Amino acid sequence: TAGNPDDGIPKGRASRDISKEAPTISIPSVIMLRAYAAICYLELTMKNGPRNGDPQSKIHWCSPNSYYTRAKELIKQKLESKLSALAKESDATPPSTKALNSNKRGRDDDNENEEEGYMNCHILYTTTRPFPKALSCDESQYAKKRNRQRFRGSDPTLKQGGDPRANLETRAGAADATSLSLVQRAMDSHTGKLMETKERLATWIIEEAKLLSSPEEEGCKVYAAAWRLPFYVGGRYTKSRRDVSQSPFYVQEKGKTIKKGVSSVEEEICPVFSRACGGISNRNNSFVEQQPSEQQAQEDSTKPGKVVYGLCKFHASGREDIDVRMMASAGPMSGRPFVLMVIDAFRIPTKEQMDWAVRTINCIDRDEPIYQNNLYGKNAKGGVGIDSLSITTSYHYRNLQSDTESKVKHYGCKCWSQTP
């Protein structure tokens, strides 16, 4: 994840702090049912065998639900040790999110547990073997409610949304991956005839064992997804041009989507900071990213934006119109506050990398002053400058809009009249 030596970005290793909940695991219900069926087979086989005093008579037979939980805990414990070992395999100490978080402005104890910028992962097991027909149950009463999709606008910009776990299951085609309760549902639907159900399971697992022993039969596949949890970066910006919007501004004219302005504050800041992060991952989207043809890229430029998981999102404290400038009239440390919510970045940038982003956005060299003439930097083309970039907290992000209620603003205007 180090920067390309030709792009001027200071090199730095990715932070490897791992979330406490990692890894999360999804196991298809048919795999768990297969394990429970094996238990049923053993139970029925030994039913008349063990005698009082025999150690085998003290065997405790687990329920499907408890077996599923225990199996996942066992797998998770094995994987946790592997993840910890991987995190320690480094020649040099990588920049830690803990070290960065220690300098956060206004950080409190509640934010200490948010694991901002930590790594998380999800393990998905899949199989092509079907759920046994002998245990089919009425799925209509368990039908999932349709998730209500919020309106994300009709412009072609990327929209953030989704969940890496669900997206992995979509890409793997694992429709039954998270349906852990299918085993319990099947057992519940056969209440009153439990022994008959166990006998069916015992017969089914013997048939399964014969099929799975065939070299042509595919057992199970394992998929994995890794992503970085969101972290937050704050600063203040100025805008010197009257044809730059705060976010990409699109309107509909004569059935076509038209972009207004030469650029936007978001477009001047987010792409540069994403480069300082080593890029934003596109591996956790619900679709497989493909390189579009020139014609396809042109057609996509007028379509509503895709929903992706990884994204650098721009949020500001209030906004100004596209034809209104934003000045730092009170001197340094003034201007409009903003927070970047960075989701699934390849790395958390070091101070040197963030300083590079500030200079690049401001179009200045290392020794040039940032503040001059009520503006930051010399970005005449994009018209946007920033005072600095620093790691902040989700608290500042959540309260960004409420801060506008107590903020003091200064407006200036020029009036013209044809007659004195």
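Biologist: Let me start with one residue. Is Lys378 buried, partly exposed or exposed?

Modeller: This is a predicted model, so take what follows as computed from it. Lys378 is partly exposed, because its relative accessible area is 44%. The cut-offs are under 20% for buried and over 50% for exposed, with partly exposed in between.

Biologist: Where does Lys378 lie?

Modeller: Lys378 is in the loop between E14 and strand E15, residues 384-386.

Biologist: And which residues is Lys378 in contact with, leaving aside neighbours within four places in sequence?

Modeller: Asn362, Cys363, Ile364, Glu368 and Gln372. As for Arg359, that residue and Lys378 are 19 residues apart in sequence, and their C-alpha atoms are 9.7 Å apart in space.

Biologist: Stepping back, how many helices and strands are there in the protein chain?

Modeller: The protein chain has 11 helices and 16 strands. It has 420 residues, and 40% of them are buried.

Biologist: What share of the contacts join residues at least 24 apart?

Modeller: Taking contacts between residues at least 6 apart in sequence, 83% join residues at least 24 apart.

Biologist: OK, sheets. In what order do the three strands of the open sheet come?

Modeller: The order is E1-E2-E4, and the pairing is mixed. Strand E1 (24-26) and strand E4 (220-228) are at the edges, each pairing on one side only. From one strand to the next, the twist averages 15°.

Biologist: How many bridges join E1 to E2, and do those strands run parallel or antiparallel?

Modeller: Three bridges, and E1 and E2 (residues 119-127) run parallel.

Biologist: What is the peptide bond from Ala22 to Pro23, cis or trans?

Modeller: That bond is cis, and omega is near -5°. Pro23 is in the segment before E1.

Biologist: Now E7 and E8. What do they form?

Modeller: A hairpin, with two residues between the strands. Strand E7 covers residues 249-253 and strand E8 covers residues 256-260; five bridges join them and they run antiparallel.

Biologist: Which residues are paired there?

Modeller: Val251 stands opposite Ile258 in E8. Tyr250 has Lys259 as its bridge partner in that strand.

Biologist: What holds paired strands in a sheet, in general?

Modeller: Backbone hydrogen bonds pair the strands, in either a parallel or an antiparallel way.

Biologist: Back to the turn. What is phi of Lys254?

Modeller: Near 55°, which is a positive value in a residue other than glycine. Lys254 lies in the loop between E7 and E8.

Biologist: Why does Lys254 count as exposed?

Modeller: Because its relative accessibility is 88%, and the exposed class starts over 50%.

Biologist: Where is Asn373 found, and what is its phi?

Modeller: Asn373 is in the loop between strand E13 (371-372) and strand E14 (375-376). Its phi is positive, about 55°, although Asn373 is not a glycine. With 69% relative accessibility, Asn373 counts as exposed.

Biologist: How about Arg398, where does that one lie?

Modeller: In helix H11, residues 394-398. Arg398 counts as exposed at 51% relative accessibility.

Biologist: Last topic, pockets. How much space lies in the largest pocket?

Modeller: About 1,100 Å³. The lining of the largest pocket has 38 residues, and those nearest its centre are Met326, Met327, Gly335, Arg336 and His410.

Biologist: Which strands each supply at least two residues of that lining?

Modeller: Strand E5 (231-239), strand E12 (336-343) and strand E16 (390-392). E12 gives the largest share, four residues.

Biologist: And what is the lining like by class?

Modeller: The lining of the largest pocket has 13 nonpolar, 12 polar and 13 charged residues.

Technical notes: Residues are numbered from 1 along each chain as its sequence is written. This is a predicted model: local features need pLDDT of at least 70, side-chain atom pairs count only at pLDDT 80 or more; totals for chains, interfaces and linings use all residues. Side-chain values use heavy atoms; hydrogens and water are left out. Two strands pair if DSSP finds at least two bridges between them. Axes are lines fitted to C-alpha atoms, for helices over the stretch in contact, and angles run from 0 to 180 degrees between N-to-C directions. On a 1 Å grid over the protein atoms alone, a cavity is a set of points where a 1.4 Å probe fits but cannot get out, and a pocket is an open set with protein on both sides within 12 Å along at least five of seven lines; lining residues have an atom within 4 Å of a point. Grid points are joined across faces, edges and corners, and a volume is the space filled by probe spheres set on the points. Ala, Val, Leu, Ile, Met, Phe, Trp, Tyr, Cys and Pro count as nonpolar, Asp, Glu, Lys and Arg as charged, and the others, Gly among them, as polar. Buried means under 20% relative accessible area, exposed over 50%, partly exposed in between (1.4 Å probe, protein chains only). Contact means heavy atoms within 4.5 Å.
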